[in-house]
Amino acid sequence: MQRHAFTLPIEIVRGGPEPYKRQIMRQVERMIVTGRLQTGDRLPSITCLVATLRVSRNTVVGAYEGLTDAGLLRGEPGRGFYVADAIPRASAPPAPVPPSAMPAEAVPPPMESPARAAVCPPGVHTSPPRLPVIHDFKLGRPAPDAFPARRWAMLSNPLLRQMRQAISEYPPAEGLWGLRMQIADYLAATRALAVEPTQILIVSGVQEALHLLAAQLVHHGDRVVVESPGYAGFCNLPQLAHATPIGVPVDADGLCAHALPSGPVRLVYTTPSHQYPLGYTMSMDRRRALLRWAAQSGACVIEDDYDGDFAYEGAPPPPLMAMDPSRVVYVGSFSKVLGPGLRLGFMACPPWLTDAIARRKALLNHGCPWLEQAVLARLIEYGDYSRHLYRLRRRYREQRDALLAGLHDIWDGRCHISGADTGMHVALHLPSDGPTAASVADRALAHGIRLYPLHEAACGFIPAAAQRILLLGYASQNVDQIRQALVRLKLAVGACRQRAADADAPAGLDA
């Protein structure tokens, strides 16, 4: 695949002893041998370089021909000049000078960053595995073949034909009005959440919403409550503001209200519909207790409903924002229904907060892309979004059932699984007398299966018991793929158990 280099950082020294042609050749050669230009890269056209450098055409032609004769370029008639396939690496980039060899006055002082050491990986962009993966139980990824591509294209085409005016203007920082109206109507119909379109702000995914809220609400020295274990994508943010994050444990009823700290707290982040990562749904009693505590402590509550669209066992409890619309910010995403590559989410803010967040969003990036917002608004308005979601729920329920049956079979019913009633992943709690989550994940990888121990899955404030918890996302694989993966996983777990048994066996006696 050829890459294109439309401009090059070439400087011409005028009036010096070195000819212009030689200056061009020397600088292009340096870019090639140091790797800045790579095999297959196309150089600027002769006409472009003549206009950019303000030299004669013969000068540029002579430079390109000289580099071709040296084996660094190849010319293709009618197409241009490209970096040659076999580059003679006559020189290498200069080695960096170690600080110890620099004069004392040239060594820059170290940068102070108190929050740097505490920042943990967000878990969204995971590192490539060390072995090939056949089945990946990655989290938060919808089925790639389920995206309504044909309908999306049909809705896009008319907009593309009339987008000249819209594409030449900045979109509103708070989002397109049509999309905000559709989201407000959708929340009223599906969540019993009564908000005005003016309270809806469109963001580039939930992560941007969390960043905007933390930047607006959290100040130096504030205390911020997060779930333990919780989503590291938020756990990092208070520390960047030099605030103090306080981890509060969760159990089967959600965030433990009795463990909330006394005294003033600035912000609370919670995932009540499907607690991330353990998957519990917050009970009504806990919701009431949390909101009572928030009123007493003066805290604002961020309610992250990241995958609450997938409720399989009855209607979920009402959102926290429906119970206290003046104190709760409701955050949602289209990444789980359509795909994270779309980079669209939203937040419903109390009226007192909306304008401040909109101004901060404008300072950050002047709003989200116009076309994606416009297409999504029509997808919701025409009912395509609801129909797509209905199909996904039915499909994901089947995939979840296949996964649960296989996991109970592998562990003979001795494992505990949480988070299966909602969402796109489950938390597998391994038996206390068996291998740890890391051991199972390592052995599974050798069989082509990628699993995610808790510490690798965007979690902060991890308790010691988390060593026996694995997270498995099931949305991105169909039923057949899940069953095939479970066959491999059963072999991996059997090997893991055998290895543990061999390690515990007493040494044999010599005859």
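By the rule I use here, in which rings of Phe, Tyr and Trp (its six-membered ring) pair if their centres lie within 6.5 Å, the count comes to 10 aromatic pairs. Please keep in mind that this is a predicted model, where local features need pLDDT of at least 70 and side-chain atom pairs count only at pLDDT 80 or more, while totals for chains, interfaces and linings use all residues. Residues are numbered from 1 along each chain as its sequence is written, and side-chain values use heavy atoms, with hydrogens and water left out.

Let me begin with Tyr186 and Tyr385, whose ring centres are 5.6 Å apart with planes at 85°, so the pair is edge-to-face, a label for planes over 60 degrees apart, whereas those under 30 count as stacked and the rest as tilted. Tyr186 sits in helix H6 and Tyr385 in helix H13 (residues 384-410), 199 residues apart, with helices being DSSP runs of H or I of at least four residues, and strands runs of E of at least two, numbered from the N terminus. Both Tyr186 and Tyr385 are buried, meaning under 20% relative accessible area, against over 50% for exposed and in between for partly exposed, with a 1.4 Å probe and protein chains only.

Phe234 and Tyr269, by contrast, are stacked, at 4.5 Å centre to centre and 15° between the planes. Phe234 lies in helix H8 (residues 232-240) and Tyr269 in strand E9 (residues 267-270), so this pair ties together parts 35 residues apart in sequence. Phe234 counts as buried at 0% relative accessibility, and Tyr269 counts as buried at 3%.
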